[in-house]
Amino acid sequence: MNSIVNFNDAPNGFGGFGEADFDTVSIPTMINFNGRSIATGKHAIVRTDTSEILGHHGSRYGKVCQKSALITAEDMFDESNIESRDMTRTIRCSHNGSNTFAKYTFPSHTFTSPDGDSSMLEALVTTSFNSTFPFLIAFGERLYACNNSNIYLTGAVAMFKGRHTKGLNIKRGAEAVGNALQQAQDNHVLFQKMYNTPVTEDVVFKTYAEASGVTNQVNEVKKDMGNVHWKTIVSNLPRQNQNLNYMLNKSKDYGDRMGKNQWAVYNTLTDWSSHAAATTSKSKSNIAATRVKRGQIVRRVVNEVLLAA
């Protein structure tokens with residue numbers, strides 16, 4: 001068992017929750033029918049500080065606040081075989097507090113990537129009031145040099161997942177998250193294989209097109225123009241895609257540094273998921289959720305397109 005951690009990002013020096021430091025209440029909802037108020041059988045989860053509605057649920061739902069969810073995750077880290085005494089925590093929210101995301105780093109667990117960069121174990125904890133994100137603990141790594149979040153490609157997407165945190169078995173959860181160290185070893189075997197696997201321009205472009213959501217548009221251009229170079233395809237897309245352009249620009253940098261291999265393509269994708277700006281005003285205000293969803297896209301596309309080529 002590890003000792004209690006004093007989080008440096010806490011506003012009051014200990015135990016603060018940053019953007020997630022708010023409380024909620026569950027209020028029955030009503031509808032007006034012919035001048036009468038009728039109970040809907042549903043409840044609204046409302047922030048007590050802003051009066052914003054964060055989600056709706058049935059009357060039997062046991063509301064669990066975001067702070068309790070994070071404390072539960074930290075109890076699991078504390079009980080596990082992961083060294084957590086020097087862990088750090090960063091908390092972000094989206095959709096006015098409906099979704100909460102916490103990233104934990106564990107500097108005592110470090111790794112070396114195939115190209116020589118150093119990284120440390122990282123955990124993502126999600127929870128939400130609107131059913132968008134379950135209570136989930138997933139692991140990856142944080143690179144020291146570029147601050148990219150490396151996403152594990154093999155093994156379970158989440159070391160632990162639950163619909164809520166009430167009544168969860170902390171010991172069982174600790175055993176589950178402890179498997180992250182084996183998952184890290186398994187993924188580094190894959191990372192080395194990716195570093196040693198060359199990749200063609202066509203596969204690279206197909207991977208980026210799928211990740212940026214323009215595969216259908218690309219196929220339409222190919223249908224009209226035939227088998228042309230990817231630069232010609234990009235210039236003939238019906239509209240420019242900021243995410244695709246970001247990947248293509250970063251791809252040259254990673255390819256020059258790491259080689260024309262799967263590992264460079266993967267690093268381009270994790271750079272995008274970690275750092276690329278939002279492309280719309282709505283996603284800008286909810287960038288925390290956008291980046292989590294981008295991470296999910298990276299795992300899917302690398303497995304379904306890049307590694308399957």
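How many bridges join strand 2 (residues 36-47) to strand 3, and which way do the two run? Five bridges link the pair, and the strands run antiparallel.

Before the views, a word on the model. This is a predicted model, in which local features need pLDDT of at least 70, side-chain atom pairs count only at pLDDT 80 or more, and totals for chains, interfaces and linings use all residues. Residues are numbered from 1 along each chain as its sequence is written, and side-chain values use heavy atoms, with hydrogens and water left out.

**View 1. Three strands make an open sheet in the order 1-2-3.** The pairing here is antiparallel; strands count as paired if DSSP finds at least two bridges between them. (Strands are DSSP runs of E with at least two residues, helices are runs of H or I with at least four, and both are numbered from the N terminus.) Strand 1 (24-33) and strand 3 (53-58) sit at the edges with a single partner strand each, so one side of each has no neighbour in the sheet. From one strand to the next, the twist averages 40°. Look for alanine 44, which stands opposite histidine 56 in strand 3.

**View 2. Strand 7 (residues 135-143) is mostly covered.** Nine of its nine residues are buried, meaning under 20% relative accessible area with a 1.4 Å probe, protein chains only. Strand 6 (residues 118-128) runs antiparallel to strand 7, and eight bridges join them. Alanine 123 faces phenylalanine 139 of strand 7 across this pairing. Six residues lie between the strands of this hairpin, and serine 131 takes a positive phi near 70°. A handy tip for looking at side chains: in a regular strand they alternate between the two faces of the sheet.

**View 3. Strand 7 also pairs with strand 8 (residues 149-151) and with strand 9 (residues 160-162).** Three bridges tie strand 7 to strand 8, running antiparallel, and glutamate 141 stands opposite asparagine 150 in strand 8. Strands 7 and 8 form a hairpin with five residues between them, where asparagine 147 in the turn has a positive phi of about 65°. Strand 9 is joined to strand 7 by three bridges, again antiparallel. There, phenylalanine 135 stands opposite glycine 162.

**View 4. Helix 7 (residues 242-258) crosses helix 8 (residues 262-275) at roughly 135°.** Their axes come within 8 Å; axes are lines fitted to C-alpha atoms, for helices over the stretch in contact, and angles run from 0 to 180 degrees between N-to-C directions. That makes helix 7 oblique to helix 8, since angles under 35 degrees count as roughly parallel, over 145 as roughly antiparallel, 65 to 115 as roughly perpendicular and the rest as oblique. Residues in contact (heavy atoms within 4.5 Å) include Tyr246 and Tyr254 from helix 7, and Trp263 and Trp272 from helix 8. This contact has eight nonpolar, six polar and two charged residues. Here Ala, Val, Leu, Ile, Met, Phe, Trp, Tyr, Cys and Pro count as nonpolar, Asp, Glu, Lys and Arg as charged, and the others, Gly among them, as polar.

**View 5. Helix 4 (residues 201-211) packs against helix 8 at an angle of about 20°.** The axes are 11 Å apart, and the angle makes helix 4 roughly parallel to helix 8. Val204, Thr207, Tyr208 and Ala211 in helix 4 meet Val265, Thr268, Leu269 and Trp272 in helix 8. By class, that's six nonpolar, two polar and no charged residues.

Terms used:
Buried < 20%, exposed > 50% of the residue type's maximum accessible area, 1.4 Å probe, protein only.
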